[in-house]
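Good morning, and thank you for coming. Please look at the sequence and the structure on the screen before I describe them.

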Amino acid sequence: LSKICQTESKKGKTIISFDQYFRSIEKLLIWMKEKTKKIAVESTPEMLVLCTRHHGNFGEIGNAYEKLMNWAAPKGLLNFPKTKMTSLYLTSPKITEEDKLISYAGLTIDEEIKVEDTYEIKKISAGKRLVGEFEIPKDDFEEAWDSMLAYVQEKELTMAPNSLFYEVYHNDGTQHPEQLFHVSMYIPLH
């Protein structure tokens with residue numbers, strides 16, 4: 001369950017407060033209307049991603065990106081703007097302890113290549129996904145994801161089991177004058 005619908009009882013057990021839950025959903029959907037450039041169910045193409053694994057807080061993935069780019073650059077794999085940076089998520093901070101979170105810092109590639117050390121190729125299959133496009137500061141990413149999940153519930157969509165949630169970045173938000181990231185977020189649907 002999402003933490004937006006949980007409260008703590010006196011005995012330390014989690015109970016659901018539906019009134020609070022529905023107000024939270026409504027608030028997230030309003031936030032999404034204000035912040036989303038686009039929200040749609042789309043058929044997405046297959047995507048190859050060169051990536052390196054990151055353990056821990058998603059906000060600290062920067063070192064993994066730096067390592068990845070330093071490895072990829074001499075191999076001619078950074079062809080911006082065609083190359084897109086990505087984040088792939090295997091675990092959720094809503095249900096996983098921070099030190100056990102697993103994600104991947106990645107970049108799109110056109111064809112499979114030979115990798116070494118801690119690098120790997122992830123093939124994201126073509127499929128139906130909820131796609132949300134945002135232009136937001138770094139601190140709004142969690143709310144963007146929460147609003148996407150609220151949209152899934154509101155529209156009664158079914159998420160595909162055991163699939164990667166991921167982000168594709170269309171700019172380097174740290175270089176934007178207002179520190180805004182133009183990002184597309186993807187939730188696999190069944």
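I shall speak about confidence, then the sheet, then the salt bridges and the aromatic pairs.

This is a predicted model, in which local features need pLDDT of at least 70 and side-chain atom pairs count only at pLDDT 80 or more, while totals for chains, interfaces and linings use all residues. Residues are numbered from 1 along each chain as its sequence is written, and side-chain values use heavy atoms, with hydrogens and water left out.

I begin with confidence. The score is pLDDT, the predictor's confidence in each residue, from 0 to 100. Its mean over the protein is 88, and 88% of the residues reach 70 or more. Over residues 1-11, however, pLDDT stays under 50. For that stretch the model has 25 contacts beyond four places in sequence, a contact being heavy atoms within 4.5 Å.

I turn to the sheet. Helices (H or I, at least four residues) and strands (E, at least two) are DSSP runs, numbered from the N terminus, and two strands pair if DSSP finds at least two bridges between them. How many strands form the open sheet, and in what order? There are eight, in the order E3-E8-E10-E9-E5-E6-E4-E7, with antiparallel pairing. At the edges are strand E3 (36-44) and strand E7 (119-124), each of which pairs on one side only. From one strand to the next the twist averages 30°; axes are lines fitted to C-alpha atoms, for helices over the stretch in contact, and angles run from 0 to 180 degrees between N-to-C directions.

E3 and strand E8 (residues 127-137) run antiparallel and are joined by eight bridges. Within this pair, glutamate 42 stands opposite arginine 129 in E8. Helix H2 (residues 62-72) lies across E4, E5, E6, E7 and E9, and runs at about 135° to E4.

Next come the salt bridges, defined by a side-chain nitrogen of Lys or Arg within 4 Å of a carboxyl oxygen of Asp or Glu. The whole structure has seven of them. One of these joins lysine 35 and aspartate 140, at 3.9 Å from N to O. Lysine 35 belongs to helix H1 (residues 18-35) and aspartate 140 to the loop between E8 and helix H3 (141-154), so this pair ties together parts that are 105 residues apart in sequence. As for accessibility, buried means under 20% relative accessible area, exposed over 50%, and partly exposed in between (1.4 Å probe, protein chains only). Aspartate 140 is buried at 15%, whereas lysine 35 is partly exposed at 32%.

Glutamate 42 also forms a salt bridge, with lysine 38, at 2.7 Å from N to O. Glutamate 42 is partly exposed at 25%, and lysine 38 is partly exposed at 31%.

Finally, the aromatic rings. Rings of Phe, Tyr and Trp (its six-membered ring) pair if their centres lie within 6.5 Å; planes under 30 degrees apart count as stacked, over 60 as edge-to-face and the rest as tilted. The structure holds nine such pairs. In one of them, phenylalanine 141 and phenylalanine 181 have ring centres 5.7 Å apart and planes at 85°, so the pair is edge-to-face. Phenylalanine 141 lies in helix H3 and phenylalanine 181 in strand E10 (residues 180-188), so parts 40 residues apart in sequence are tied together. Phenylalanine 141 is buried at 14%, and phenylalanine 181 is buried at 16%. Elsewhere, Phe58, Tyr89, Trp145 and Phe165 form one aromatic cluster.
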